[in-house]
Amino acid sequence: MERRDLLKFIAGGTAGAVVAGLGINSAALQGAEKCQSCTGEKKMKKFTNADFYKDGKFQTDVALKAYFDMFERFHYSLTDVLRGNKEFWAVDFGLGDFENVGMGGIFWWNSKEFRYFAHEIYLLPGQMIPEHFHLAAEDLPAKHETWHVRNGSIFNFGIGGEKTPETLKMLPKSQLDAGAITCFKWKKMVVGDMDSLTGLGDPHFMMGGPEGAIVSEYGSYHSMKGLNFTNKKAAL
């Protein structure tokens with residue numbers, strides 16, 4: 001079973017599934033897919049790294065197109081605000097695996113003076129933000145943040161947890177191979193759910209669910225100098 005299919009299955013919580021060495025009851029999975037097709041929603045194009053890279057170079061325009069495709073499916077009210085907006089960005093963190101590791105976003109506000117931050121996070125299906133943590137910087141405490149799911153769903157990872165076969169299969173191979181994941185405790189979050197960082201300086205990351213996600217982040221001032229990645233090759 002492909003990683004995205006596993007995420008779809010876990011997010012759906014199909015009760016009749018049979019898990020045996022991560023084998024899934026195919027009838028249950030097909031039923032869930034059939035049900036999704038009955039909604040009349042436009043099906044998202046499945047973008048891959050073959051779309052996102054040309055001669056080894058990240059194609060930002062294709063990445064943004066993938067997000068707009070997701071916005072259309074979600075009927076996202078801010079789509080026109082973002083179209084042509086130079087503040088709307090997409091990054092692969094220099095890791096060359098945007099299909100699985102990357103994000104889109106826009107900083108609505110980031111005030112060092114008043115110490116607050118407003119950010120929208122955009123994640124394609126199964127796309128992971130690299131594990132990271134925030135330290136004190138610029139004479140201010142480490143950043144704290146809260147996440148609010150607006151569309152789709154996410155898997156939110158924090159400190160702790162076990163390296164179960166299920167959890168390991170959910171995660172991008174590129175980050176596991178790099179030893180860049182230390183957080184294995186996760187929870188599924190759907191539209192309307194909110195959660196906060198467990199503690200200042202704690203490592204964390206999130207990953208888009210099977211349909212992708214739009215997440216609002218509320219936080220204290222975001223200092224790039226205080227941002228640190230577990231994967232030392234990652235950069236924002």
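Q: Why is Phe 52 called buried?
A: Phe 52 has a relative accessible area of 0%, and buried means under 20%, with exposed over 50% and partly exposed in between (1.4 Å probe, protein chains only). Phe 52 therefore counts as buried. The model is a predicted one, in which local features need pLDDT of at least 70 and side-chain atom pairs count only at pLDDT 80 or more, while totals for chains, interfaces and linings use all residues. Residues are numbered from 1 along each chain as its sequence is written, and side-chain values use heavy atoms, with hydrogens and water left out.

Q: What makes the aromatic pair of Phe 47 and Phe 52 stacked?
A: Rings of Phe, Tyr and Trp (its six-membered ring) pair if their centres lie within 6.5 Å; planes under 30 degrees apart count as stacked, over 60 as edge-to-face and the rest as tilted. Phe 47 and Phe 52 lie 5.8 Å centre to centre with 20° between the planes, so the pair is stacked. Phe 47 is buried as well, because its relative accessible area is 6%.

Q: Why is the aromatic pair of Phe 58 and Phe 98 called tilted?
A: The centres are 4.9 Å apart and the planes form an angle of 45°, which is neither stacked nor edge-to-face, so the label is tilted. The two partners are 40 residues apart: Phe 58 belongs to strand 2 (residues 57-58) and Phe 98 to the loop between strand 3 (89-91) and strand 4. Strands are DSSP runs of E of at least two residues, and helices are runs of H or I of at least four, numbered from the N terminus. Phe 58 is buried because its relative accessibility is 16%, and Phe 98 is buried because its value is 0%.

Q: Which residues of the largest nonpolar core touch the most other members?
A: They are Phe 52, Tyr 67, Met 70, Phe 71, Phe 98 and Tyr 122, out of 23 residues. Helix 4 (residues 60-74) gives the largest share, nine residues. A nonpolar core is a set of buried Ala, Val, Leu, Ile, Met, Phe, Trp, Tyr and Cys residues joined through side-chain atoms within 4.5 Å.
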